[in-house]
Amino acid sequence: MCAEVVVLRLGHRKGRDPRITTHLGLVARAFGANRFILAGDEDEEMFNGLQSVAKSFGGRLITEHSDAPMKWLKEFIKTGTAIHLTMYGLPFRQVVPAISKDLPLCVVVGGSKVPRQVYEICQHNLAVGNQPHSEVAALALFLDSFIVSAPQFEDARLTIEPNARGKSVLDRDESE
Ligand code: SAM
């Protein structure tokens with residue numbers, strides 16, 4: 001697995017997108033990303049929500065805002081691979097096996113309007129089916145196909161034990 005997996009969320013609108021952007025951050029963390037960059041409006045409250053999940057369920061997700069995501073992407077591709085998820089792209093399952101697991105990876109997901117530049121800067125424009133749906137679904141499917149297995153968070157306070165019917169949650173603080 002890449003040493004660095006970044007999710008770059010473009011065009012966040014603070015009043016309108018907090019739920020969907022939070023879900024992107026949660027999917028990023030759960031499926032192995034270690035950095036979540038937000039472009040568009042700044043949103044500390046949304047970052048705090050993500051950090052509180054990491055505090056209980058473990059892992060470290062770096063959250064940060066970028067004022068200049070195109071500049072950041074241009075720098076990133078000098079040493080890493082940038083994947084733009086778009087319904088106009090090539091079928092992701094065909095391309096995933098060719099993506100290096102040794103280089104840093106950035107997965108770019110759009111908001112309401114994606115600048116043309118993104119298509120040109122990223123090394124790959126990949127589709128999760130060629131139908132419009134959701135950035136959350138696209139990110140989850142892509143990361144699931146790219147990572148070998150979902151990360152285990154050794155520092156978790158709360159750990160869920162798979163259970164066919166009820167809920168089994170181990171609380172480290174209660175077992176000490
Ligand atoms: N209208 C926007 C545009 O300019 O392309 C896209 C809006 S869409 C709700 C938001 C994001 O979801 C897209 O930018 C893309 O990252 C992701 N997305 C939606 N459908 C997708 C698909 N079939 N494959 C990959 N990504 C998809």
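How many positive and negative side chains does the protein have, and how far apart do the centres of the two sets lie? There are 20 positive and 21 negative side chains, with 6 Å between the two centres; Lys and Arg count as positive, Asp and Glu as negative, while His and the chain ends are not counted, and each charge is placed at NZ of Lys, CZ of Arg, CG of Asp or CD of Glu.

The model is predicted, with local features needing pLDDT of at least 70 and side-chain atom pairs pLDDT 80 or more, whereas totals for chains, interfaces and linings use all residues. Residues are numbered from 1 along each chain as its sequence is written, and side-chain values use heavy atoms, leaving out hydrogens and water.

**View 1. Helices and strands of the protein.** Seven helices and eight strands make up the assigned elements, which are DSSP runs numbered from the N terminus (helices H or I, at least four residues; strands E, at least two). The C-alpha trace spans about 55 × 35 × 30 Å along its principal axes.

View 2. Of the 176 residues, 41% count as buried (under 20% relative accessible area, with exposed over 50% and partly exposed in between; 1.4 Å probe, protein chains only). Among contacts (heavy atoms within 4.5 Å) between residues at least 6 apart in sequence, 80% join residues at least 24 apart.

**View 3. The surroundings of Asp 17.** Asp 17 is found in the loop between β1 (5-12) and α1 (18-30), and is buried, with a relative accessible area of 7%. Leaving aside neighbours within four places in sequence, Asp 17 is in contact with Arg 9, Gly 11 and His 12.
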